[in-house]
Structures are given as structure tokens and as C-alpha cells.
Amino acid sequence: MYKTLCVAALLLATLTFVSGSKRADASPATTISSPVIIVKGKLANLTGVIPQTTIFTPTATGLYRLTVYATTTTADPNGGSYYGYNLFFTDVTGTQQSYQELLASTDSQIGVWNNGLVPYSVAFQAEAGTPVSYSLTLESGPGDTAVFALYYVVERLE
Amino acid sequence: MHKALCVAILLLPTFVLSQESNAAKSSTAELPSPLIVAKAKLKNQTAAIPTTTIYTPAQDGLYRLSVYATMITNNEFSQSQWQYGVAWTDDEGSQSAPYLLYQGDNVLGEFWSSENQLNPMGGVILSFEAKAGTPITYNMAQNGSPDGTTYSLYYVLERLE
């Protein structure tokens, strides 16, 4: 009697674990009820340009949202240069799309980057298996000793 | 001994479930997630879309729309333009953003944002307060003659509070 009861209880426990893990795996692939953060980063003490660098490679085609914030933590008082943050992705047309200078620095001043707009969120549609990347490019001037920090979050919306 | 073992095993799933539920509650308390209330993928559209309800809020609140559009097939000789707009009702009354995204029909790829006309700054994020019982709507107009172009439109609407 005890043996049977124990076997049944063990099976129940196993079933609970297994169905729990199925729920977690299946949910994002079918439908989501809230945005899901899939990648985020904080990059401190940046100087100079950053070549095109992959943020993430979507495993599912869908609508994504990038929220990015950049700030100059140490200004170069003599700095006449400025840097731009650029985003690259491939949408359903199959060609790489880009947002140039989403944000731009003012290297002679500390503080938040902008481009005449508030710090930025953008929505974009990206195809599975195609990298989403960013770069920091020198937009004007010879470059200087300004130091930056960059914060970002990417969410999958559907 | 057997009795104790059986009780322990029987309690295990209950313990696991209660831990999962606690974790979810705790996570919600720390950083609640916005709720997606409407979304759509409208692929390969060839015609204008008249004013269409995205969602009618059941309660007043702050909402956030994320929208992206891209031209799939262009017509290099066309002078027409697709224009995407949104409308809602806030505490003051009817509001609208009639040219939130636009694209010349002779150009392939991502629509441009009316926020920045120097570079494509892409899919727009628009936050607004909407009153309960009033529809949040969108439309896609074609400014000019039909020209055989094709576009796709993607959007997600979230309730933030």
C-alpha cells in the first residue's frame, strides 16, 4: 500500500517538474502578453569609436524595441568632436536597414546624449538569424579624450 | 519511515508550486511588466487602410504604441506616399498624430518618422493617455495615385498603468 502510494507520489512530483518546464519553454514561442527583455547592457568608460558590433541575433522573426541611453561622463574641455550611435538590422525586405545617429554626443560637455530628441526608443522588425548591431562613429572633428557610458535594453514585442 | 517519506514526496510538488508563485509575485512587485493589449502584423498590403480601431480601453490609462512599417515593393516612378497616423482621446479630447510614419512609394525599406526627416529613425514609440470607452485608431493613407506598391505594418500596443 505504502509502496504504491510512494510510486504515485513520485510520478506526481515528476509530472509537476516536467509540465512546469514545458510551460516556460513554450510560452515565448507562441504568444507573449508582456514585452520580454532579451538583451541588455551597461558599457562604462568608453572612449572613441566602436566598430559595428552585434547586440543580439534574433531566433524568431518579430517586432523588437531598443531603448538606449548614452551620457558623457568625462568631457574634454577642448573637444570639438562628437560621436553618433547607429543601429543596424535586417527586416522583412531582406536588406539591412539602419538608423544613423540615433543619439549624438557633445564631447565638450558632460551629460546625456541626444540628437535634438529625447533619449531614444525605436521599434524595428527583424528577421530571425540576422544580427542586430550598433556602432559608435566619429561624426565630426578629430576625436578627443571624452569618456562615455552607454546603457541599452532590447525587448521582443511579439 | 515509509509514511514520512510519502508525506515528504507529496509535499514536494506543493512546495515547488508555491515557490514558483512567490517568485512571480516578487518579480512583479520589483519590476511590473507592461501588458500587451493589442498587436498585429499586416503583411503585403497594397491598399490604404481606413480608420480602424486598434483597441478601446476599458479604463483610463497610459498606453504605449510601438509601430514599424517597411516598403516591400516600390515603384521608382511614383510620386505617391504612404502615411500612417494614429488617433486617441485623452483628458482634453480628441488627439491625433496623422503623419507618424511615412514613406515615398519610390523607396524600398523602413518608413521614416516625422520626428526626424534627416535620417530614417524608424519604428516609432508613442505614449499617450487614453480615456476609457474611446477607441484608439490608426489609418494608412496613400497621398497620391495608386501605384502597385506593397508595404507591411507591425504594431504592438501596451497598457503601462
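Residues are numbered from 1 along each chain as its sequence is written, and chains are lettered from A and ligands numbered from 1 in the order in which they are written. In this predicted model, local features need pLDDT of at least 70 and side-chain atom pairs count only at pLDDT 80 or more, whereas totals for chains, interfaces and linings use all residues.

Chain A contains one helix and nine strands, arranged along the sequence as α-β-β-β-β-β-β-β-β-β. Helices (H or I, at least four residues) and strands (E, at least two) are DSSP runs, numbered from the N terminus. Chain B has one helix and ten strands, in the order α-β-β-β-β-β-β-β-β-β-β.

The mean pLDDT (the predictor's confidence in each residue, from 0 to 100) of chain A is 80, with 78% of its residues at 70 or more. Within chain A, confidence is lowest in helix α1 (residues 2–30), with a mean of 41, and highest in strand β2 (residues 50–56), at 96. Residues 6–30 of chain A have pLDDT below 50, and this stretch makes 17 contacts in the model beyond near neighbours in sequence; a contact requires C-beta atoms, placed from the backbone, within 7 Å.

Of contacts in chain A between residues at least 6 apart in sequence, 79% join residues at least 24 apart. In chain B, residues 24 or more positions apart account for 77% of the contacts with a separation of 6 or more. Excluding residues up to four places away in sequence, A:Leu87 touches A:Leu66, A:Ser98, A:Tyr99, A:Leu102, A:Val122 and A:Tyr134.

Terms used: Contact = placed C-beta atoms within 7 Å.
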